[in-house]
Structures are given as C-alpha cells and as structure tokens.
Amino acid sequence: MKKRYWLAIIFAFIVCFIWGNSVLSSQLSSSLSIAVGEFFASIFGTGDGVSTVGGLSVRKMAHFTEFAALGAVASLLFKRFLKNKGTYVLGLALCGIFVALMDETIQIFSHRGSSVRDVWIDLFGYVVGCLIAAVICYAHARLKKKNAHIE
C-alpha cells in the first residue's frame with residue numbers, strides 16, 4: 001500500500017481516538033486519566049495530586065499530545081495529496097480547527113461540558129505537530145539533496 005494511504009489510515013485512527021475519548025462518560029474519562037496519571041507519576045513523580053504529573057494536568061497533556069500527533073500526520077498526509085501551497089495551508093488549518101471544535105462539541109453531548117481553553121491547547125498541540133513534521137521533512141530533503149550531490 002502506498003505511503004499516503006497508510007497516512008490516511010493513521011490520520012483516521014487518531015481522529016477516532018480523539019473523538020472516541022470525548023464520547024466517554026466523565027466517570028470513565030476520569031478513571032482513565034487517573035490510571036494514566038499513576039503510570040506517568042511512577043516514572044516522573046507526582047504533581048499536586050493523582051491527576052497531575054510534574055505539575056501538569058494529565059488531561060491537558062493528553063489534549064496537547066493527541067493533537068500534536070494529529071498535526072504531524074495531517075501535515076504529511078496533506079503534503080502528499082495537496083500540491084498547491086495555499087490549498088495545503090488552508091486545508092491543514094481548517095482540519096485542525098474542525099477536529100478541535102468537534103472534539104469539544106462531542107463532549108457537550110456526552111455531558112462532560114466543553115472548554116475554550118481545551119480548544120486552544122488542542123490547536124497549539126496541532127501546530128507544534130505540524131512544525132515538527134515540517135522540520136523533519138526539511139531536514140530529510142536537505143540530507144537527500146546532500147547525498148545526491150556527493151554521488
């Protein structure tokens with residue numbers, strides 16, 4: 001299977017993971033956050049409670065990390081499908097905004113409420129993921145060009 005199709009499958013999996021967590025009840029979501037917090041606390045130490053690791057909220061770290069992964073994969077995926085730079089940037093931006101807003105909207109219907117702060121955390125993570133992918137692609141292209149020049 002071609003790389004872009006694998007990227008599309010990974011992208012869909014990440015979106016389903018993000019939205020799937022938003023569908024969970026607040027009790028189940030809290031239980032998962034506590035379990036993850038305890039796991040990371042055993043490695044990094046606790047912050048001011050079970051739901052924090054090193055002073056950071058497990059939920060906020062999860063929002064950032066999920067969306068950073070989504071941003072990196074979306075950046076690579078859109079680069080393969082969208083050749084026009086304007087369309088690429090617009091599509092990438094709209095994708096991040098849509099997934100973040102839909103994530104918080106789903107939480108309203110699962111009786112967990114939504115948070116504008118979480119949307120900003122999501123978008124910040126998404127942008128960081130996009131930037132990491134861009135730096136890796138740039139470094140890869142430079143290395144490839146340098147190796148082609150040497151041979």
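The following conversation concerns the predicted model shown above.

Reader: What kind of model is this, and how are residues numbered?
Author: Residues are numbered from 1 along each chain as its sequence is written. The model is predicted, so local features need pLDDT of at least 70 and side-chain atom pairs count only at pLDDT 80 or more, while totals for chains, interfaces and linings use all residues; side-chain values use heavy atoms, with hydrogens and water left out.

Reader: Which secondary structure elements are there?
Author: The protein has five helices and two strands, in the order α-α-β-β-α-α-α along the sequence. Helices (H or I, at least four residues) and strands (E, at least two) are DSSP runs, numbered from the N terminus.

Reader: How much of the protein is buried?
Author: Of its 151 residues, 30% count as buried. Buried means under 20% relative accessible area, exposed over 50%, and partly exposed in between (1.4 Å probe, protein chains only).

Reader: Which residues have the most contacts inside the largest nonpolar core?
Author: They are Phe11, Phe67, Leu70, Leu92 and Tyr126, in a core of 20 residues. Such a core is a set of buried Ala, Val, Leu, Ile, Met, Phe, Trp, Tyr and Cys residues joined through side-chain atoms within 4.5 Å.

Reader: And which helices supply the core?
Author: Helices α1, α3 (58-81), α4 (85-109) and α5 (116-150) each supply at least two residues. The largest share, six residues, comes from α3.

Reader: Changing topic, how many salt bridges are there?
Author: There is one salt bridge, defined as a side-chain nitrogen of Lys or Arg within 4 Å of a carboxyl oxygen of Asp or Glu. Asp118 pairs with Lys60, and their closest N and O atoms are 2.6 Å apart.

Reader: What does that pair tie together?
Author: Asp118 lies in helix α5 and Lys60 in helix α3, so the pair ties together parts that are 58 residues apart in sequence.

Reader: Is Asp118 buried or exposed?
Author: Asp118 is buried, at 5% relative accessibility, whereas Lys60 is partly exposed at 27%.

Reader: Which residues form the nonpolar surface patch?
Author: Val36, Phe39, Phe40 and Ile43 make a patch of about 360 Å²; Phe39 is in helix α2 (residues 26-44). Patches are made of residues with over 30% relative accessible area and no salt bridge, with like charges joined within 9 Å and nonpolar side chains (Val, Leu, Ile, Met, Phe, Trp, Tyr) within 5 Å. Areas come from the Shrake-Rupley method with a 1.4 Å probe.
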